[in-house]
Amino acid sequence: MMDFIQQELASLKTAGLLRELRTISKSKGSKVVINGREYINFCSNNYLGLADHPKVIEKSLEIIKEFGFGAGASRLISGNTIIHEELENRLAEYTKREAAIVFSTGYMANLGAITSLLDDNDTVIIDRLNHASIIDACRLSKAKLQVYPHKDMAALAKILIKSDKFKNRLIVTDRVFSMDGDIAPVLEIVQLAKEHKAMAMTDQAHAVGLEQNENIDIIMGTLSKTFGSLGGYIAGSQKLIDFLKNKARSFIYTTGLPPAACAAAIAALDVIKEDKSLVPKLRQNSDFLQKEINKLGLDTMDSETQIIPIMIGEADQTMTISKALFDKGIFISGIRPPTVPKGQSRLRISVSAAHTMEEMKCLVSSLQELTQK
Ligand SMILES: *Cc1c(COP(=O)(O)O)cnc(C)c1O
């Protein structure tokens, strides 16, 4: 009866698409240990190196000692603490919005917001390259899903013009696209949303140090990347947040975040506020690597951020290069279908402010050696 499982695994393997976990036994700064060997990690979303920042560790330990680890219940039952509320206030301040609500993950934040805002009289209009959590949320909502080609504003405008039969229209876009590292044309999107009386929502999971645009109605973000913790959030008007507390099923029917995870995110927000060199350091590192990689004649697509893809094409070749880099002590994951379209497999570098010049030069010289072959 369950033969299909074996068959599917075998066909994934034949196609070079079988995914396997790598086991990290130690992690410190931009280094990880796997099978007893140390690697430079170029595929973590810990963009500012805050996951093991002393203040993040200290504050979360302090809160574990005070509250224990688990929240013990959903937020609306008995899982809501002053730490959750302090974090929500800090996120509202950070995003320059009236209020914010935290979810257990960014995935759940997208799920909760999109499914509770829309029903079958509505439409949700998204960029083709939006993150899987947005796509899943759209599928789970009863709204009609409409997709426009990547960053194609003329196509978005056309869809909006033809969508006046819907009661509510929601445009959703990644602010920084997670596999390409380019930035959404938020000004144009906000303008189109205004013209057509649609709502605009951005997913800021990978947006580090970008201006907050006050005309975005709904901001989604994660605590799991730049903030080095775990969790997701939605920020917006007080009414929006009150609505979500009542309607978002992924908020209501799940246990609240561990208070220590909230504390870690608060400490990360403190560090970002105090240390004004972190975001520029990330920018410098990203610019340096992109320039050096382009000098090797490699295609980094339209990357404008700390996410730097190197387009390879075929999945098996991508995995071969990823393995060869791994042999040289460099950890970069290969990205294959279904995460990216067929024929667009790539290496995907995530730069961190914690990367040293020496580590980046090591990456560049290894890439040079491998691509000259
Ligand atoms: C990672 C990511 C998410 C999900 O965030 P988690 O907190 O990891 O669940 C959502 N959107 C985008 C664009 C992401 O890259």
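**Cysteines and pockets**

Tutor: Happy to! Let's begin with a cysteine: Cys 262 is buried, since its relative accessible area is 0%. Keep in mind that this is a predicted model. Cys 43 is buried too, because its relative accessible area of 19% falls under the 20% cut-off. A disulfide is a covalent bond between the sulfur atoms of two cysteines. In this model the count of disulfides is zero. Cys 43, for example, is in no disulfide, and the nearest cysteine sulfur, which belongs to Cys 362, is 14 Å away.

The largest pocket has a volume of about 1,500 Å³. It is lined by 40 residues, and those closest to its centre are Arg 19, Gly 334, Ile 335, Arg 336 and Thr 339. Several elements give two or more residues to this lining, including β5 (123-127), α5 (132-140), β13 (334-335) and β14 (345-350). The most comes from α12, which gives three residues. By type, the lining of the largest pocket has 17 nonpolar, eleven polar and twelve charged residues.

The second largest pocket has a volume of about 610 Å³. Its lining is made of 25 residues, with Tyr 94, Gly 209, Leu 210, Gln 212 and Ile 272 closest to the centre. Here at least two lining residues each come from α3 (82-95), β9 (218-222), α10 (259-274) and α11 (278-295). The lining of the second largest pocket divides into twelve nonpolar, six polar and seven charged residues.

Technical notes. Residues numbered from 1 in each chain as written. Predicted model: local features only at pLDDT ≥ 70, side-chain atom pairs only at ≥ 80, totals over all residues. Heavy atoms only, no water. 1 Å grid on protein atoms, 1.4 Å probe; cavity = no way out; pocket = protein on both sides within 12 Å on 5 of 7 lines; lining within 4 Å. Points joined across faces, edges and corners; volume = space filled by probe spheres on them. Helix = DSSP H or I, 4+ residues; strand = E, 2+ residues; numbered from the N terminus. Nonpolar A, V, L, I, M, F, W, Y, C, P; charged D, E, K, R; others polar. Disulfide = S-S within 2.5 Å. Buried < 20%, exposed > 50% of the residue type's maximum accessible area, 1.4 Å probe, protein only.
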